Amino acid sequence: MASLPPNFQQLKQDQLQPFLHDEISVPADLEGNVLITTVDKIYNWSRRSSMWPLLFGLACCAIEMIASAASRYDLSRFGMEVMRPSPRQSDLMIVSGTVTKKMVPAIVRIYNQMAEPRYVVSMGACATGGGPFKEGYNVVSGIDKYIPVDVYVPGCPPTPEALIYGLMKMHEKVDRQSVVSVPWYQKDSSQFVPVPRLGPDIFDPRQVELIKDTTLKAATGAAAANGAGTGGGAAAETRGPVELSAKAIARMEEAKRRWRAKQG
Amino acid sequence: MTEATAVMDAPAGELGLAPELADAVVDTWAEDTEKAYVVAPDRILEVLTHLRDGQGYDFLSNLTCVDYEGYGGKLRAGIDARLEVVYNLYSTRRGGGSIALHVRVPEDDTVPSATSVYPGANLQEREVYDLFGVKFDGHPNLRRILLWDGFHGHPMRKDWHEAYYEEDAKPFRSRHPKGEYEFHEDKVPWAKNTTYPAGWDPDSWQEAVAYVPVSQAPQHENEPHLDTESIVVNLGPHHPSTHGVFRMLTRVEGETILALEPEMGYLHRNHEKIGERNTWLMNMPFTDRLDYLNSMSNNWAYALAVEKLADIEVPERAEYLRVIMAEFSRIVNHAWSIGFILNDLGALQTPALYAIEEREMILDLFEAVSGARMMCNYMRFGGVVRDLPEGWHEQAAYLANERLPRALDELDRLLTENEILMARGRGVGYLSVEDLISLSVSGPMIRAGGLAYDIRKAEPYGIYDRFDFDIPTLPNSDIYDRYYIRLLEARESVRILQQALRDIPEGEILGGRGGYTLRAPEGQVYGRLEAPKGELGFYLASDGKTQPWRYHVRSPSYINLNALGPMSVGYKVADAIVILGAIDIVLGEVDR
Amino acid sequence: MFGTGLLKGLGVTLKHALETFEDDRESVPDRYKGSLDLGNNRKVIQQPIDQEGLLTIQYPEEKRLLPERFRYIPMLIWDSEKQEDRCTACGICAKVCPPQCIWIVRDSDENGKPVTRCSEFYIDAAVCMSCSFCVEFCPFDAIKMNHDYELAVYDRYPQLVYDMEELTVPLEYYAALWPTQYEEEQARRKEEEEQKRKQEEEKAARAAARQAAAAQKAEAGAGAPKRSAAELQALAKERAAQRQAQAQGQTADGGGDDDAAAAKRARMEDLKRRAQERARQRKLESGNGSS
């Protein structure tokens, strides 16, 4: 504002350069590193330049998402102005806001309905990790617990610039994909994420065995739980075909180990 | 109404009970903070009827519940009943303060439902049932509202703990130096924020689905010769017209709505449970996220309630700053709401883009003064946190004197005489103002029905009594009036802004005592203000500690939804969407 | 007449369209008035309030001028004058944090005694609500709000749990972001330090005087020759000067503390290097994320 020193911007730029990351641009060394055929270039350019987001607002962040699409930030400069309410017509899901347990089955269903290639941007602290509401009983601590996320944008809420920066990271990611290796042209790769169900609490079909292990053990003691754990093995095979990511499994194992250690 | 006026003889705040009702009041409570009458559970309906018909308390503003399990305060010593249902009544005709009634309920007992006296108790009683497990006798549709049928337990009870539970009160010890920090995810083996009752078997689980009013809606009888069937159509929770994650279950015949039921909770983020763990001050940034278009009004409403409870003075300049910020945010809200009513009408984007243009300029001002565009976190108990930066005042004055009036004129020219808006809006979504009041609807909705009820005039808070402004009213109570009233109100806000920016004095901005170690005195209080969407209230109960014992938000968006069903029946599906848009809800506030 | 309202509305939009069209045809469009040209097509836009309409900011080339008070994620201050972290691990920020996203571990010396310095400091950016309470209540001006919003990453763990290295920035960075507040703060700090120094001096003088008095008494009791008052004063002064020299030696690189100072300078260099590395990393990282 008016009280800034006259050379404020200069000062800001000079001081910040070594501490901030560079401006956004597609890195020059990209062409050298990655094998990009002409087909890839055209393929990626066209996908990147018309990445239609799903018109899908959850909470506060949705307002900033609308602000990014409005006059001042104008997402149409990136070919993203066509926000499609139908998941069938959209490429990008911007999870903009707190994901609650009541809502997560719907989100997973919408994600399943999106056609490949599909991308997910988790916008804001809440969608990323539960945010300030993380401890709440109806809040999912991060949408990545249920569906794979490509870019995380922190902030509460992220300003429109921050969101656009995240979208550009998304574009960069798209730029690095090759027709040869993208999963959706591989056989049997595009599969549904099992939809979570509303029980006494939300439960992920992928974790049914784990849940049973704990609830039944709590009810009948360790010996019975062992039996239940082995007995339920057959049922698990009929469930969700999509596996959790390796990272999620590692994290879960870690959590399980600590939990067990704590139980003694 | 006139015959009721004749019997309004009891002074404000007194019950004025007839002798045969005198024994219904068994106790009074919290005399030091805000006095409440404790009524015997079986007499509550008689007392409510008396207050409504005899004393003119026609507006059931707030209905909530407090769980006193483990309460440490002195005032409530020796009382067994664990739960206490709270009623706050106001009079829209004579204005003034509230009457607070409490009903003490032992666990698992029932209370007569107030819906027969005040139909507006509908959603609030369902919420109390959902979160506290209090059953209301005679409620037409008593099922869970924010959570889902089948959810385990009643989470607002003090002894209910979720998976990531750490301690009853913040700050959590684990975060301090020497604490053993543990990621929330590591507290449970499946690394998710979930917990299941012992012995529960997911394989045999059946989800409960019951949408009674919609499935039992009457068949269409106007055209008996047509062999048609009504069907249930579900809109949402992911739908571009629902302003977020909101769901409408409709029963339609052809395009005509026979019944409509709102279904919410898709953004229920446990404000109140988290709020009871936070210290008094920590709740301030959380209130930003209630109605995320108007963080300033939310801040103020909460600060107002706490100031009332803890008796904190606010310096003069801070009062002016609060008015300025609140009125700016009212303009933001109304512009947004107008734009999106048009969006719902099918005028996709152009009017909305025009309407939210000025919003960016106002948000720039908010950002310059508070640091954030939306989540301002600007007010504190006893004032505001930062003074205006240099150059702010001139910009705001330019905005209020030149730019905003021009922008509102332009919006007026763009929309008001538009024939399509008139054709779609005139006579659609009508509900008489008496019905609206009995449904506890507040804000622009009732003013568009012809009742000049505005808390800024009826029970002035802050320094609103110093400003010269009118309460615009319109007679028709339809979509068009609900659109136009917002434009008129925005103009009044501009008038207030001009005066406030002209008169603002120099001086202190923050009185003392309101820091993060604040301990509010034991008692209870209900503070409210006229938020852009209606009456925003905070019901707070304190046991004298650094955390609120009970922190309840009476949110206008949520309670105005009482009217959605009655307003939509008989109109087309496309109209229902605009009717919802004209109620102007924000899901952060609906579900909290 | 039916339709006049429609025409009127259309007139409004047409007027807007023509105006923007006209503005675009100017050699220097209106939106660059009052903005800063950084060269290389980059601009910092600040729309004057009296300018009609709303301007589109062509992020990323053009950025909005952020107000000084803009807050995003907190940062920790490295005091480059004193060559030390300002944080004393008092834990107040962690206590006032509404979502409790700060986690501090206090450092201890060789003997296991806790010292006023933190060894670990984490902020979970996936929880932080940018409320700035930590800044408001920090008694040491050690934590401030950063303006950097370009933080999007491909992985949540561990990228979004910022550790001390990632959070720490030198004082100059803060001074550049928050010039007004920085100046106020510096003035206040100087004053406080001045006061503290004065108090300490007074205390030293008093102690010396008391000691001298005690000595005098003892001496008087023993019947030894007395020192003159002037002598005593000189002695006290000498002691105070000694103490001050010692204190200075601790902050500046005097006496035998050369190693410590060098270590601190090295830490500063290290910080800068890490920041640069991080910047490069973020740029390159794009490759790792692709599936």
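**Figure 1. Salt bridges over all chains of the predicted model**. The count over all chains comes to 85 salt bridges, where a salt bridge is a side-chain nitrogen of Lys or Arg within 4 Å of a carboxyl oxygen of Asp or Glu. Local features of this predicted model need pLDDT of at least 70, side-chain atom pairs count only at pLDDT 80 or more, and totals for chains, interfaces and linings use all residues. Residues are numbered from 1 along each chain as its sequence is written, chains are lettered from A in the order in which they are written, and side-chain values use heavy atoms, with hydrogens and water left out.

**Figure 2. The salt bridge of B:Arg373 with A:Glu64**. The closest N and O atoms of B:Arg373 and A:Glu64 are 2.9 Å apart. B:Arg373 lies in the loop between H10 and strand E11 (379–380) of chain B, and A:Glu64 in helix H4 (residues 60–69) of chain A, so the pair joins two chains. Helices (H or I, at least four residues) and strands (E, at least two) are DSSP runs, numbered from the N terminus.

**Figure 3. Polar and charged pairs between chain B and chain A**. Eight salt bridges are found across this interface. In one salt bridge, the side chains of B:Arg277 and A:Glu135 meet at 3.5 Å, N to O. Across the interface of chain B and chain A, 33 residue pairs are in polar contact, both residues at pLDDT 80 or more. A polar contact is a pair of N or O atoms within 3.5 Å; within protein, one must be able to donate a hydrogen and the other to accept it, and residues adjacent in sequence count only if both atoms are side-chain atoms.

**Figure 4. Extent of the interface of chain B and chain A**. The contact (heavy atoms within 4.5 Å) takes 76 residues from chain B and 69 residues from chain A. Together the two chains bury about 6600 Å², 62% of it on carbon and sulfur atoms; buried area is the accessible area (1.4 Å probe) that two parts lose on being put together, summed over both. B:Trp148, B:Lys192 and B:His238 supply 12% of the area that chain B buries against chain A, more than any other three residues.

**Figure 5. Contact of H8(B) with H19(B)**. B:Ile341, B:Asp344 and B:Leu345 in H8(B) meet B:Ile577, B:Val578, B:Gly581 and B:Ala582 in H19(B).
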